[in-house]
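Dear colleague,

My notes on it follow directly after.

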Amino acid sequence: MEQLLKLYQNWRGQEPAQTEKLPGAGSNRAYYRLTDNDGQSVIGCVGTSRDENHAFIYLAQHFTLRRLPVPKVLAVSDDELRYLQSDLGSTSLFDAISGGREAGGRYTVAEQQLLRRTIRELPNIQFRGARGLDFSHCYPQPDFNVEGVLFDLNYFKYCFLKASELDFHEMKLEADFRLLAKDLTTESSDSFLYRDFQARNVMLVGEDTPQPFFIDFQGGRRGPFYYDLASFLWQASAQYPDKLRHELIDEYYEAAQQFTEMPKRDLFDSRLRLFVFFRTLQVLGAYGFRGYFERKQHFIKSIPPAIQNLRELLQSPADLPYPYLCDVLRRLCQLPQYHHIEVVAQSRSDGYKTTDLNPYNAHPKDGPATFSKYDAQGPLVVKVFSFSYHKGIPEDESGNGGGYVFDCRSTHNPGRYEPYKKLTGLDEPVIRFLEDDGEILTFLDSVYKLADAHVQRYIQRGFTSLMFCFGCTGGQHRSVYSAQHLAEHIHSKFGIEVHVCHREQNIQQVLKANATNSQAS
């Protein structure tokens with residue numbers, strides 16, 4: 001650190017006013033944000049490998065000359081173990097699309113636009129970046145070759161496959177490994193292979209229309225462009241829906257044609273699929289080492305979606321002529337520790353059962369659905385409230401933040417008449433007034449249709465909580481009547497547990513689930 005500060009002082013002419021260590025990544029390199037008295041900041045890097053640092057410095061300088069969106073190297077120590085680069089800010093693409101990722105792959109229009117902007121920029125660094133590039137500076141090797149592929153495949157074998165304790169024939173597996181390595185390297189390529197192209201390595205610069213800038217490309221080399229596309233779009237934790245993934249492939253293919261003559265689309269798709277297969281095995285090897293051996297929870301949590309990617313690839317083996325390898329992988333996917341993620345119906349110890357977790361009729365192009373962390377938790381419990389708007393809408397204590405709020409104030413109010421002022425919507429005279437008037441019945445007829453569809457879908461998906469609230473002026477007559485009747489309607493039709501709370505009347509009731517209810521009606 002002392003040497004980094006000295007480098008900064010020599011470059012800037014003064015010591016930094018503030019030094020902040022940035023969160024660590026997957027490498028041994030340490031990063032710091034160094035800020036001067038005017039608030040201008042740069043990023044300082046301290047590495048342990050001179051060769052790795054040299055590769056980044058050379059590539060960054062080359063890409064800067066070609067006006068590519070990368071950080072600019074500002075100063076380098078004599079031994080190349082420390083350097084300063086321009087500060088691209090703190091917003092990565094990974095952070096910017098976290099909402100869609102956490103929603104199980106439901107990306108907003110704005111998030112999809114960021115992904116499209118990024119994927120269209122990828123060919124720029126792959127093809128323009130390769131022009132005039134001296135690949136001998138690349139680390140740890142200048143080319144994507146058979147030896148490198150075999151290294152990664154054996155990484156998968158020793159760090160993941162063997163850790164699973166699955167039985168397999170070493171020599172038969174090795175034969176398919178060699179055949180796969182040959183197929184992956186059969187085409188010559190002069191493009192730049194980023195090697196670690198992922199959302200964490202894309203920084204977004206600008207506010208109104210954020211532009212993608214690329215970092216951490218020090219492991220790049222000469223190699224096939226398919227690799228980076230597979231690495232990005234099949235990132236296990238991203239859970240990109242098939243429809244969005246295909247659209248992003250289309251974006252990439254169109255953008256790449258501006259730089260080079262692309263293969264015909266059917267050949268392109270076939271080659272891409274092969275690299276997706278290889279990349280999936282490669283990342284499982286990394287997850288096995290980082291998760292099973294180093295016990296890092298982030299990588300352990302990434303294993304199930306990666307296994308699901310592998311399972312989907314194996315469903316269409318036409319482009320995977322490696323029979324023994326595919327047989328081993330199918331058996332791997334069926335191991336108990338991985339098998340549970342493909343189950344879409346499960347019996348519960350409490351007597352309830354969730355049904356098909358993907359009840360929607362999807363277009364075939366969309367492929368299999370991804371599920372949120374709330375799926376299959378069941379059983380569903382519905383909470384129904386009545387309240388006064390003067391005292392605020394009831395809080396959703398489940399943390400889901402969802403549900404419905406219905407305003408009953410458009411209906412005829414019995415509270416305006418003296419005989420009903422001290423009664424509630426649970427009392428017979430008020431019930432008779434509301435039902436004779438009829439407005440509340442028409443109102444609830446629409447509510448029932450909406451509620452029925454919502455409850456049915458929540459049961460099918462195995463969700464646990466749904467909330468309905470009815471508000472009126474005092475939370476005494478119309479809202480109480482509506483809440484009570486909806487609760488009884490849902491309990492009668494679906495047999496599930498319903499909690500009723502007439503908040504302003506301090507009345508609570510639990511309608512217990514029917515003993516025979518399966519929540520699959």
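Leaving aside its neighbours within four places in sequence, with which residues is aspartate 176 in contact? They are Tyr322, Pro323, Tyr324 and Leu325, where contact means heavy atoms within 4.5 Å.

Before the remaining findings, a note on the basis. This is a predicted model, in which local features need pLDDT of at least 70 and side-chain atom pairs count only at pLDDT 80 or more, while totals for chains, interfaces and linings use all residues. Residues are numbered from 1 along each chain as its sequence is written, and side-chain values use heavy atoms, with hydrogens and water left out.

Aspartate 176 belongs to helix 7 (residues 170–184); helices (H or I, at least four residues) and strands (E, at least two) are DSSP runs, numbered from the N terminus. The side chain of aspartate 176 reaches the backbone nitrogen of tyrosine 324 at 3.0 Å. Aspartate 176 is buried but has no salt bridge, and arginine 330, the nearest side chain of opposite charge, is 9.4 Å away. Here buried means under 20% relative accessible area, exposed over 50%, and partly exposed in between (1.4 Å probe, protein chains only). A salt bridge is a side-chain nitrogen of Lys or Arg within 4 Å of a carboxyl oxygen of Asp or Glu. For charge, Lys and Arg count as positive and Asp and Glu as negative; His and the chain ends are not counted.

Salt bridges do occur elsewhere: a search of the whole structure finds 28. In one of them, arginine 271 meets glutamate 187 at 3.3 Å, N to O. Arginine 271 lies in helix 10 (residues 265–293) and glutamate 187 in the loop between helix 7 and strand 6 (192–193), so the pair ties together parts that are 84 residues apart in sequence. Arginine 271 is buried at 8% relative accessible area, whereas glutamate 187 is partly exposed at 34%.

Finally, the structure contains an open sheet of five strands in the order 1-2-3-5-4, with antiparallel pairing; two strands pair if DSSP finds at least two bridges between them. Strand 1 (18–21) and strand 4 (73–76) stand at the edges with a single partner strand each, so one side of each has no neighbour in the sheet. Strand 2 (residues 30–35) and strand 3 (residues 41–46) run antiparallel and are joined by six bridges; tyrosine 31 has cysteine 45 in strand 3 as its bridge partner.

With kind regards

Notes:
Polar contact = N/O pair within 3.5 Å; in protein donor to acceptor, adjacent residues only side chain to side chain.
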